[in-house]
Amino acid sequence: MTSLITAILLALLAGAVVYSLLAVVAAYRYLAVARPVATSSKPISILKPLAGADLDLESNLRTFFEQDYPAFELLFAVRESGDPAVGVVEKLRREYAHIPAQLLVTGKPPYPNAKAFSLGRMLQAAANDLVVMSDSDTRVTPSLLRTVSAEFVGNNLGVSTCPYRAVPGPSLWSRLEATGMNTDFIAGILVARMLEGMKFAVGPTIVARRSVLQSIGGFERLKDYLAEDFVLGKFAAEAGHGVILSSYVIEHHIGDSTLAENIAHRLRWARSTRRSRPLGYAGQLFTMPVPLALIACAVDPSLWPVSLLTVAVRALAAYVVSARVLRTRINWLLVPIEDLLGFIFWISGFFGNTVVWRGRRYRLRADGRFELLSQ
């Protein structure tokens, strides 16, 4: 039995080393892709679903008004006219009166995914074919639209998803979560991109052609999915449209969440990811070399040299992904703590089928769809 356990641990550690090395290779392959040099002046519509006055909301939205691009419009959507975000939007509309901007009050969404409902309403009102869908907690430089529009010149591209570096708030929980995003989450995306191509999209900022969105059934088709960003890219790829990981890296300001809020967010993420990609979620065990190394040494101390090698390769991958791809710095003291927390939340993701999102509780179904449990 002891030899069997040792063999299993060695196999897991070997898998973790291979994965970390793949992350390094995938990062450099992403960096090696020639950045677009073509220019485009094709008009763009920016869609911004809002819900409440997030931390630094005005600063985040301001960066979208200040785009160095000849023709674009901004559309914002809130559920109610009394939403605190309305005042922020109106202030910016007055300040940037030369930028076309609309504010829509959508009312109560008729289906679970309120964000998909807001995006659908904004798309109906948008004037342009190329649309940028961006969350309220993102911040960009003036070159965003120039960069992403150039990626759509002269090819069959349908969807582009922007990688992001997480910018934490001052709390420890926020800084730990940002550490995981900047060293682990993006690594998984890069490895998936290298091994199977981009067959999905991820979160805070996605660019797509209106015709592609319509061809996959529009946002109406995404209405029951919690991870609507993931399935948007998945449906587009299945329909034969090109999907890429953009060359433009945005900032994702994750705010200053409390411990309870952070736990709820991580559980929602873990449980929705398990249902979006069940096999991929199970395979995430190989992305957790630090917990594996600790387990190995606890069970069989003679494995410490292999465990040490595993952790060293993990550190190399974390550095390459964060410093080279995302161009951000790591607090190395937080990395092992976050790795252990990530392992705990990964295990937790296998249990339970409810999540809390924007103060509402939902039940997750096996296929990634979800339903409201209570108001």
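Visitor: How many bridges join S4 to S8, and do they run parallel or antiparallel?
Guide: S4 and S8 run antiparallel, and five bridges join them. One example is Leu 130, whose bridge partner in S8 is Arg 209. Two strands count as paired if DSSP finds at least two bridges between them. The S and H labels are DSSP runs numbered from the N terminus: strands (E) have at least two residues and helices (H or I) at least four.

Visitor: Before we go on, what kind of model is this?
Guide: It's a predicted model, where local features need pLDDT of at least 70 and side-chain atom pairs count only at pLDDT 80 or more, while totals for chains, interfaces and linings use all residues. Residues are numbered from 1 along each chain as its sequence is written, and side-chain values use heavy atoms, with hydrogens and water left out.

Visitor: OK, back to S8. Which other strand pairs with S8, and over how many bridges?
Guide: That's S6, residues 157-161, which pairs with S8 in the antiparallel sense over three bridges. Val 159, for instance, has Ala 208 in S8 as its bridge partner.

Visitor: How many residues of S8 are buried?
Guide: Five of the five residues of S8 (205-209) are buried, so the strand is largely enclosed by the rest of the structure. Buried means under 20% relative accessible area, exposed means over 50%, and partly exposed is in between, using a 1.4 Å probe and protein chains only.

Visitor: And which residues sit on which side of S8?
Guide: Thr 205, Val 207 and Arg 209 are on one side, with Ile 206 and Ala 208 on the other, and both faces are covered. In a regular strand, side chains alternate between the two faces of the sheet.

Visitor: What's the strand order in the sheet that S8 belongs to?
Guide: Seven strands line up as S3-S2-S1-S4-S8-S6-S9 in an open sheet with mixed pairing. S3 (101-105) and S9 (242-245) are the edge strands, each pairing on one side only. On average, neighbouring strands here are turned by 20 degrees against each other, ignoring direction.

Visitor: What about S1 and S2, which way do they run?
Guide: S1 (residues 44-49) and S2 (residues 72-78) run parallel, joined by six bridges. Leu 47 has Leu 75 in S2 as its bridge partner.

Visitor: Which helix lies across S1 and S2?
Guide: H4 does, and it also lies across S3 and S4 (130-134), running at about 150 degrees to S1. For angles, the axes are lines fitted to C-alpha atoms, for helices over the stretch in contact, and values run from 0 to 180 degrees between N-to-C directions.

Visitor: Pick a residue in H4 for me. Is Ser 118 buried or exposed?
Guide: Ser 118, which lies in H4 (residues 114-125), is buried, with a relative accessible area of 9%. Leaving out residues up to four places away in sequence, Ser 118 touches Pro 49, Ala 77 and Thr 106. Contact means heavy atoms within 4.5 Å.

Visitor: New topic: at what angle do H6 and H9 cross?
Guide: The axes of H6 (residues 172-196) and H9 (residues 259-276) cross at roughly 25 degrees and come within 9 Å. That makes H6 roughly parallel to H9. On the H6 side, the contact residues include Trp 173 and Phe 185, and on the H9 side they include His 265 and Trp 269.

Visitor: And H9 with H13, what's the angle there?
Guide: Roughly 60 degrees, with the axes of H9 and H13 (residues 334-348) coming within 9 Å. H9 and H13 are therefore oblique to each other. The cut-offs: under 35 degrees is roughly parallel, over 145 roughly antiparallel, 65 to 115 roughly perpendicular, and the rest oblique. Among the residues that meet are Ile 263 and Leu 267 in H9, and Leu 341 and Phe 345 in H13.

Visitor: What does Ala 282 touch?
Guide: Ala 282 touches Trp 346 and Phe 350, not counting residues up to four places away in sequence. This residue lies in H10 (residues 278-283) and is partly exposed, with a relative accessible area of 39%.

Visitor: Last one: which strands are at the edges of the three-strand sheet?
Guide: The order is S5-S10-S7, an open sheet with mixed pairing. S5 (138-139) and S7 (164-168) stand at the edges with a single partner strand each, so one side of each has no neighbour in the sheet. S5 pairs with S10 (residues 250-255) in the antiparallel sense over two bridges, and Arg 139 stands opposite Glu 251 in S10.
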